[in-house]
Amino acid sequence: MSKRTKVAASKTESDSRRERRVLRDRRALVPPAPLSLEILSVGLRDLAYRELLEPAAAAARAQGGAIPQVAFGVTASIDFPGPQIATLTLHGTARDAAPEPLAEVELRITAVFKHDQKLSQRAVGTYLSKMGGNILFPYIREAVHSVSSRGFFQPMLLTPRLITDLFTDAQLATLPDSAG
């Protein structure tokens, strides 16, 4: 019996199930189809920072020195302003996750993509629904940290995360399925 066969024979059934689950999870992160998309620009459209507590209460809470946990919510829209051009806009709000938040940052960021002429708007929309949030998240994270670090309180730091499924299947179904 070869060494490789011995190793394969020693795997337990739970290892095999775990590997199948990991492969299934990895496949869920793979873009729907290999697409040719080029990022033409990324722009921060709106940015607002608001301190939500009175200065005395905020100063007392900030004395603790702990970095605040941050809650982040996002909504998205997609537009096709011209042939082979798609814009993805994310509107996000980050706020301290405490019952009485110190501050919140609200932003709107837009990315302009150039896509292959053979792709339908639905194919581009499906791809951006799965991957667009992950493409733009580093820009969002930097903007939130940068503007909140200039405030009176400790900066907000968004933990790395996956932002997928920006659009529902019903929303994607409204996009034309023919290339153009």
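## Exposure classes

Buried means under 20% relative accessible area, exposed means over 50%, and partly exposed lies in between. D177, at 53% relative accessibility, therefore counts as exposed. The model is predicted. Its salt bridges number 7.

## R122 and D177

D177 pairs with R122 in a salt bridge, at 3.8 Å from N to O. The two residues sit in distant parts of the chain, 55 residues apart. R122 belongs to helix α4, residues 121-149. D177 lies in the segment after α5, which spans 169-173. R122 has 27% relative accessibility, so R122 is partly exposed.

## R108 and D46

A salt bridge joins R108 to D46. Their closest N and O atoms are 2.9 Å apart.

R108 is partly exposed at 32% relative accessibility. D46 is partly exposed at 40%.

R95 and E104 form a salt bridge, with the closest N and O atoms 2.5 Å apart. E104 is buried, because its relative accessibility is 8% and the cut-off for buried is under 20%. R95 is partly exposed at 33%.

The pair is part of a wider set.

Methods. Residues are numbered from 1 along each chain as its sequence is written. This is a predicted model: local features need pLDDT of at least 70, side-chain atom pairs count only at pLDDT 80 or more; totals for chains, interfaces and linings use all residues. Side-chain values use heavy atoms; hydrogens and water are left out. A salt bridge is a side-chain nitrogen of Lys or Arg within 4 Å of a carboxyl oxygen of Asp or Glu. Buried means under 20% relative accessible area, exposed over 50%, partly exposed in between (1.4 Å probe, protein chains only). Helices (H or I, at least four residues) and strands (E, at least two) are DSSP runs, numbered from the N terminus.
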